[in-house]
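The sequence and the structure are shown first.

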Amino acid sequence: MGILEVKNVNKNFGGLKALSDVNLSVRENSVHAIIGPNGAGKSTLLNCLVGKLIPDTGSVMFDGQSVLGRKPYEINQMGISRVFQTPEIFGDLTVLENMMIPIFARRDGAFRMHAYESVARERGILEQAEHVLEDMKMADKRHMHAASMSRGDKRRLEIGMCLSQEPRLLLLDEPTAGMARADTNNTIDLLKQIKEERDITIAIIEHDMHVVFSLADRITVLAQGTPLVEDDPQNIKGNPKVREAYLGESA
Amino acid sequence: MLGLNKKDTTLLLVVAVLTLFAPFILNPFPTDSAMAQFNAGYPDLMQRFIIFGIFAIGFNILFGLTGYLSFGHAAFLGVGSYSAVWIFKLFTYNVIPAITLSVVIAAIFSLIIGFVSLRRSGIYFSILTLAFAQMSFALAYSVLSNPKFNLTNGETGLQVYADDPQWFHRDSLPDLPHLFGLSMNSTYTLDVGAWRFDFNAGYYLCAVILMIVFFLAIRIFRSPFGMMLRAVKSNQQRMNYTGLNTRPYTLAAFVISGMYAGLAGGLMAAMDPLAGAERMQWTASGEVVLMAILGGAGTLIGPVLGAGFIKYFENIFSKINDTVLHSWFSFLPDGIEDFMVFIVHPFIGKGWHLTLGLLFMLVVVFLPGGLVEGGQRIARLLKGKKKTPPSDGEDHHPKKPPHVAE
Amino acid sequence: MDAFLLQILNGLDKGSAYALIALGLTLIFGTLGVVNFAHGALFMIGAFCAVTVQRILNLSFETLDLTQKDFLGNPLKIKTPYIESWFGQDIGAAIIDWSVPLAILFAIPIMVLIGFVMERGLIKHFYKREHADQILVTFGLAIVLQEVVKYFFGANPIQTPEPSALRGSVDLGMMIGFQVNEIVYPIWRLVYFFFSVTIIAGIFAFLQFTTFGMVVRAGMADRETVGLLGINIDRRFTIMFGVASAVAGLAGVMYGPLNPPNYHMGMDFLVLSFVVVVVGGMGSLPGAVLAGFMLGILESFASTTWATTTIPGINQIIIYLVAIIILLTRPRGLMGRKGVMED
């Protein structure tokens, strides 16, 4: 029984079948990669997991509870954090403030009217935020406006923000898309480090095979909205069906 | 002090000093001098500075922090005025219950309007608030003023008549709004040589309230709640995926700013016990937007400066006429003098709105950060172009449109 | 039935004005992505084009008629418009009489020019800025234009009568088989309606059948892609702005006889036109037209004695009420497209 269980999920857009009978099981404390050619339904699947889309049929269970019908913020409060393809951060706020917000969200829930307290007096939150920043090696940037950082740093910040919530499941949507090689390698190292140091489950959607094979414990290949195979990395490499659907055309 | 850091305490003290000594500061010219026309230390004008300052501070909590541009905030101001006048009519001229009720009623109104309008964002939100405000205006102007049910007294405006019940009114109390017997109209005039300074009870009531609400605004800006509001402006998508529900945050900001508007409306009625529908028109909403922008949206002191600036120049410009202009340009040769008067004429007196419109455009085009940013630029120039690090939490002007989720 | 029809007809003229202004707003919004709060001012300027033409045509010189005396015993001064002395009295008087329709010829170049200047001089710089900034700067511009007109023409409404041949009413009911005097309708309203329909049809035909229109429509759907094709989309959008400005102006020119123009008529119509655009669906041209007529007619129904006695003042709030309900139930408006103004 995995921490995330997707069963028989279908999703149509108009007449187009985006997902058909998708089954997926993500084991706790593993890195599970979802790969597939363009238009295979990877993003649709991800959106179904985080509450942006609701599947037409099927079930999505996280830790024994259904996520279907819940809003994104409710799903996050259940313990799922998401990293976007283009980093989504609070560009107008400083790096430190960016880091404090998820920590507030974890402590205070989806809404709290703390309008009279002072941020400066929230020692606990400040310390945690500083701590995560140091972990992310960004402590020197704490007073920068987040929007003025490089893309790699924004990605790093976004991952840090997600980790600061100590999620049980971290979803990554093509975390290295559009990145230079050096930034990509940095991100891989960062993710490896996270995987080693924490009790965390990671589900990752990725195009870059280098990234996938350096990180994944298990891989699901999606093609035309259906899971083709789910297996360990070494078996995936040799699987002829996968070669045909995916690796073949990019090799 | 009061849980503020040093910088904010200084800011609060500056505002306190400015408001408390305004009767001196705004009357720098001797009463009989030619420059006396630039004096602004008259009780009613000073009251307006403060009241619109409160209005703008509140508006800025919504617009400056969350980026939601409401074009209907004048409706809450109007609602506040009507509520206060009804208290005067039915119960007592004491301003405390009147102002309290203004705030409460405005809160209820803004809760309803905000609940509906905030289901949409961006331009849709602006137009929804505009539609609500215009509807409120129409309601106040004609719909709720028919013989069967006269809540607003339509075009004439709501005012207190001799045959109104005023159940708690006693003969010993002034026949005008008062604070436990102290008439809002009472003014102590101090003559010092050629100068004259007016100390008005109503003004000081407004000033004290301004200081309180300015203090509260600082607390909100520096609170986790304020930070969340700035996060809403910056990236709603990230908010949602960080486990935060943006709706109650924006609604709370909307209601708070509505309460500020109601307070301003109540004070307006407390200074002059009548309420008219024109206070709710969308041009009035546009004016408060301008105040916030001109001063610097998202900054603490900006809206107060903007309100003061606009109300001061409105007063001065409206007073200037051609005779005054001729006296200004009299040092020039005759032909040029007439020409200058001809050029300036459209912008003064009744032409104030033209100036206001131009000002609006110029500020948005050249100084999106408003007077505060202008001041910072000048300060930077004076310091010799030394690069100053962005001050924490002082200005937040995003250069990109905010992301808003469904 | 006849009362029902009459209310529909009564709603047509306002509906036409809403539709024309909303059409321009949507065109600008769809092509340029700009929310133009100064669009109402263009409508108002159009109306004042008619006023100007009327004044120019009425420019007169004075002659003394020695045979007649005024009440002070001085020779009577007679004003003769130059037009009459140039073209003879009959033709001259006819030209003056037809000053409103003639103003169309005058208004088209003026409005297009104003549109160009506005777009190149101001709006252009706001494409990439926030919608709030666009709203604010065009709001400021609207105030400026309004005050300039007020400065030159004063604050009072100015009569711009329709040609005498088109004054009065026709008995529409009789033509379609009703009793005499059941449906009597002012001729100019009918003229205004057909004029609007012609312009609307013209715009749609232009967008549908010309290459230019095709590019503009493609640009409305997906600006970036069209830009990638190497088509100079900006120049076309400038022209579109001119067209939208002319449409608003013409709507204003012809509206004068229905309601004497004053300097704030633009603002009055603007708020409602925005509501119309939103109800129709941001960026949808048919939506704007449909919603314009619909709300105009709805307003006319709400103005009947029956409606106003049941709910006093309903005619003044009906449009806002409907707008609020529609926005909440159909967030994209009646015919709005997905992806337009979602942020």
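Predicted model: local features only at pLDDT ≥ 70, side-chain atom pairs only at ≥ 80, totals over all residues.

Residues are numbered from 1 along each chain as its sequence is written, while chains are lettered from A and ligands numbered from 1 in the order in which they are written.

**Chain contacts**

- Of the 2 pairs of chains in contact, it is chains B and C that share the most contacts, where two residues count as in contact if their C-beta atoms, placed from the backbone, lie within 7 Å.
- Chain A and chain C are joined by no contact, and their closest C-alpha atoms lie 14 Å apart.

**Chain B with chain C**

- Here 38 residues of chain B are in contact with 32 residues of chain C.
- On the side of chain B that touches chain C, the elements giving two or more residues are α6 (122–143), α11 (282–295) and α15 (352–366) of chain B, with helices taken as DSSP runs (H or I, at least four residues) numbered from the N terminus.
- The most comes from α6(B), which gives 14 residues to that side.
- The residues of the side of chain B that touches chain C comprise 26 nonpolar, 10 polar and 2 charged, where Ala, Val, Leu, Ile, Met, Phe, Trp, Tyr, Cys and Pro count as nonpolar, Asp, Glu, Lys and Arg as charged, and the others, Gly among them, as polar.

**Chain B with chain A**

- This contact takes 30 residues from chain B and 31 residues from chain A.
- Two or more residues each are given to the side of chain B that touches chain A by α7, α8 (224–234), α9 (236–240) and α10 of chain B, and α8(B) gives the most, with 7 residues.
- By class, that side of chain B has 13 nonpolar, 11 polar and 6 charged residues.

**A helix pair in chain B**

- The axes (lines fitted to C-alpha atoms over the stretch in contact, with angles from 0 to 180 degrees between N-to-C directions) of α7 (residues 201–221) and α10 (residues 246–271) of chain B come within 10 Å and cross at roughly 170°.
- α7(B) is therefore roughly antiparallel to α10(B), a term used for angles over 145 degrees.
- The contact is made by B:G202, B:C206, B:I209 and B:V213 of α7(B) together with B:Y260, B:L263, B:L267 and B:M271 of α10(B), and these comprise 7 nonpolar, 1 polar and no charged residues.

**Domains of chain A**

- Chain A is divided into domain 1 (4–79 + 167–250) and domain 2 (90–150), with bounds that come from an automatic or database domain assignment.
- The C-alpha centres of domain 1 and domain 2 of chain A lie 28 Å apart.

Note on methods. Parallel < 35°, antiparallel > 145°, perpendicular 65-115°, else oblique.
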